[in-house]
Amino acid sequence: MISVIVPQWGHSALTRACVQTFLQTHPEGYEVLVVDDGSGPEDVDAIRALRSDRVRVLFQNHRGVSSAWNLGAVAASGGVLVFLNNDVLSQGPWLHRLVQPILQGRAELTGVAWRNETGVRGLQAGPWVTSRFLQGWCWAVRAETFHQLGRIDETMTCYWSDTDFQLRLIKDRGEDVRVCVNDLPIRHHGHQTTKMMADRRQTWCQDRNEFLRKWSLNNETAAVADL
């Protein structure tokens, strides 16, 4: 079983399009969990309508996407967890290719694209540290690995928590446990949900400061990115 976890905080139209295009392109019996992170009544009602034998909908008070990921992971039945932003459209079947390196034992974590972390310049201070990370809008991890590492750090509510998770994985098991699977038929709308957050930059900076504190980096190593 593979579990796909889709967080939502408002913007239910994006979530519905994300889930519906996934179901249309993946007729197999994958489990989809939509986690609503304290949306308003209209978005909650809209997302309730997605419930089916293939879609479970979970609700929590607003605590951030990191908490929503964790709630979905705890409730998931799958041996592989796929974390998918709600502003992603499926244009063809892609899930099996994403998780295949994990199922074959060649990886613990996979993603769809690499990114260079420009928000902190001190990430190459140790032999196990890298500045290259898999992007956080679509990634998969073995469920056992996820729970062994201690889940997502919720002190970083929206940003940096996927970077933190990958650093913990690298520290524990090395860099070669991550694999990037390119050219999947999947379209990302570019963080549409977070772009509409009124306190986006403030949240990014707060989460970055928590990341710096946790990894014993100081603000002099930080470069404020354009959001």
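Keep in mind that the model is predicted.

**Strand 4 and its two faces**
- In a regular strand, side chains alternate between the two faces of the sheet.
- On one side of strand 4 you will find Val 80, Val 82 and Leu 84, and on the other Leu 81 and Phe 83, all of them buried.

**Partners of strand 4**
- Strand 1 (residues 2-8) pairs with strand 4 in the parallel sense, over four bridges.
- Strand 9 (residues 138-142) runs antiparallel to strand 4, and five bridges join the two.

**The nonpolar cores**
- The largest nonpolar core has 36 residues, and those touching the most other members include Leu 81, Phe 83, Trp 139 and Val 141.
- Several elements each supply at least two residues of this core, among them strand 4, strand 9 and helix 8 (200-214).
- Helix 3 gives this core its largest share, four residues.
- A second, separate core of 32 residues includes Val 19, Val 82, Trp 94 and Val 181.
- Beyond its close sequence neighbours (up to four places away), Val 141 touches residues including Leu 81, Phe 83, Phe 146 and Phe 165.

**A contrast at the surface**
- Ala 13 belongs to helix 1 (residues 12-25).
- Ala 13 counts as exposed because its relative accessibility is 59%, over the 50% cut-off.
- The C-alpha atoms of Ala 13 and Asp 43 are separated by 8.2 Å, with the two residues 30 apart along the chain.

Conventions:
Residues are numbered from 1 along each chain as its sequence is written. This is a predicted model: local features need pLDDT of at least 70, side-chain atom pairs count only at pLDDT 80 or more; totals for chains, interfaces and linings use all residues. Side-chain values use heavy atoms; hydrogens and water are left out. Buried means under 20% relative accessible area, exposed over 50%, partly exposed in between (1.4 Å probe, protein chains only). Two strands pair if DSSP finds at least two bridges between them. A nonpolar core is a set of buried Ala, Val, Leu, Ile, Met, Phe, Trp, Tyr and Cys residues joined through side-chain atoms within 4.5 Å. Contact means heavy atoms within 4.5 Å.
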